[in-house]
Amino acid sequence: MASILLVEDDDQLRTMLKELLARSAHQVSEAPNERRVCDMHRQQRFDLVITDLVMPDSDGLAMIMELRRVDQNVPIIAMSGRRQGRAEEYLRIARKLGAQFTLAKPFGNQEFLEAVCLALETKAQNDPSVDSEYRE
């Protein structure tokens, strides 16, 4: 079981993604914006952070930069919606800032869960202290 922090301003999407993760036996903490993410991660080192990039009054890109100052190793999945027009640009920038994986909205449940599995496998390969349950 991995501990995952999910940062998403859309209540419906956040609830759906949280349920998907919980059904996959992950412990999920959630935040509606980036304001407390680094503090939350300092208090409880998450195995994975999943974040939206464009939120009202929030900047997911700035949050990724700050999170990288707090923890260079935590895997990050960045999400952005196509309806914003510049989603691909935001996702490309997120990768440069330290997100290992990106998802363009809308995405399917399977695509989301595969990204989560890949991110956790990457963490397991790069961190010898991670339980072998993530390794295959």
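Entry 1: I started at V54, which sits in strand 4. My helices (H or I, at least four residues) and strands (E, at least two) are DSSP runs, numbered from the N terminus. For the cut-offs, buried means under 20% relative accessible area, exposed means over 50%, and partly exposed lies in between (1.4 Å probe, protein chains only).

Next I looked up V54 together with S80: they are 26 residues apart in sequence, and their C-alpha atoms are 6.6 Å apart in space. S80 belongs to strand 6. I wrote S80 down as buried, because its relative accessibility is 0%. What does S80 touch? Leaving aside neighbours within four places in sequence, I listed D52, L53, V54, A87, Y90, L91, L103, A104 and K105. A contact here means heavy atoms within 4.5 Å.

**Entry 2: what I am looking at.** I reminded myself that this is a predicted model, in which local features need pLDDT of at least 70 and side-chain atom pairs count only at pLDDT 80 or more, while totals for chains, interfaces and linings use all residues. Residues are numbered from 1 along each chain as its sequence is written, and side-chain values use heavy atoms, with hydrogens and water left out.

Entry 3: I counted 6 of the 6 residues of strand 6 (76–81) as buried. I saw I76, A78 and S80 pointing one way from strand 6, and I77, M79 and G81 pointing the other way. In a regular strand the side chains alternate between the two faces of the sheet.

I then checked the pairing, where two strands pair if DSSP finds at least two bridges between them. Strand 6 runs parallel to strand 3, joined by 4 bridges. There, V49 stands opposite I76. Strand 6 also pairs with strand 7 in the parallel sense, over 5 bridges. On that side A78 has T102 as its bridge partner, and S80 has A104. Strand 7 (residues 101–105) is mostly covered too, with 4 of its 5 residues buried.

**Entry 4: the cores.** I used this rule: a nonpolar core is a set of buried Ala, Val, Leu, Ile, Met, Phe, Trp, Tyr and Cys residues joined through side-chain atoms within 4.5 Å. The largest one has 22 residues, and L5, L53, I64, L67, I76, A78 and A94 have the most contacts inside it. Strand 1, helix 2, helix 3, strand 6 and helix 4 each supply at least two of its residues. Which element gives the most to this core? I found that helix 3 does, with 5 residues. A second, separate core has 21 residues, including L48, I50, I77 and M79.

I also looked up A94: apart from residues up to four places away in sequence, it touches L53, L61, I64, A78 and A99.

**Entry 5: helix 3.** In helix 3 (residues 60–70) I found G60, L61, M63, I64, L67, R68 and V70 buried. Their cover includes helix 2, strand 3, strand 4, strand 5, strand 6 and helix 4. At the N-terminal end D59 caps helix 3, with a side-chain oxygen 2.9 Å from the backbone nitrogen of L61.

Entry 6: Most residues other than glycine have a negative phi, and most peptide bonds are trans. I checked A25, whose phi is positive, near 70 degrees. A25 is in the loop between helix 1 and strand 2. I also checked the peptide bond from K105 to P106, which is cis, with omega near 0 degrees. P106 is in the loop between strand 7 and helix 5.

**Entry 7: the whole chain and its confidence.** I counted 5 helices and 7 strands. Of the 136 residues, 49% are buried. I then looked up pLDDT, the predictor's confidence in each residue, from 0 to 100. It averages 86, and 89% of the residues score at least 70. Among the elements, strand 1 has the highest mean (96) and strand 5 the lowest (78). Over residues 130–136 the pLDDT is below 50. Where pLDDT is low, the predicted coordinates should not be read in detail.

Key
A polar contact is a pair of N or O atoms within 3.5 Å; within protein, one must be able to donate a hydrogen and the other to accept it, and residues adjacent in sequence count only if both atoms are side-chain atoms.
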